[in-house]
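Here is a short tour of a single protein chain, moving from the overall picture to one helix in particular. Have a look at the model first, and then read on.

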Amino acid sequence: LAARAYRAEGLSSARDAQGRALVNDPTKNVLDRSEGRVGLSKIFDWNRKEFERDRGSLARYAARFAATPSLASWLQTYPKPPQFLEYEWALNQPSP
């Protein structure tokens, strides 16, 4: 989530910025062309139908937000289902 509330004006660009931040965060996803590996946050598995609705696959959804055009191109044609990384539940725990 963003550090501030979303507003109607600018919602689309804010949503896109959050999508880029999530997809390109190496602590949440692994997009490794050299190893041929796509490992996505478990969030993508839990909400799979929503993410796949417009793009047809999770890799193609991630391609929309990829950091570089070459990574986006690779993800567009990624032939296998992604692996899913373990979710870091500690992020949801209150501070002591």
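Let us begin with burial: 26% of the 96 residues in the chain count as buried. Please keep in mind that this is a predicted model.

The secondary structure consists of five helices and three strands. Read from the N terminus, the elements follow the order α-β-β-α-α-α-α-β. Among contacts with a separation of 6 or more, 56% are made by residues 24 or more positions apart.

Some whole-chain values are handy to have side by side:

| Property of the chain | Value |
|---|---|
| Box filled by the C-alpha atoms, along the principal axes | roughly 40 × 35 × 25 Å |
| Accessible surface | about 6900 Å² |
| Distance between the mean positions of the positive and negative charges | 5 Å |

Carbon and sulfur atoms account for 51% of that accessible surface. The charges themselves number 15 positive and 11 negative.

Now for a closer look at helix H5, which spans residues 69–76. Which residues of H5 are buried? They are Leu71, Ala72, Trp74 and Leu75. These four lie on the same side of H5, because they cover an arc of only 160° around the axis.

How values were computed
Residues numbered from 1 in each chain as written. Predicted model: local features only at pLDDT ≥ 70, side-chain atom pairs only at ≥ 80, totals over all residues. Heavy atoms only, no water. Buried < 20%, exposed > 50% of the residue type's maximum accessible area, 1.4 Å probe, protein only. Helix = DSSP H or I, 4+ residues; strand = E, 2+ residues; numbered from the N terminus. Arc of directions from axis to C-beta. Contact = heavy atoms within 4.5 Å. Areas by Shrake-Rupley, 256 points an atom, 1.4 Å probe, with all protein chains shown as cover. Lys, Arg positive; Asp, Glu negative; His and termini not counted. Charge placed at Lys NZ, Arg CZ, Asp CG, Glu CD.
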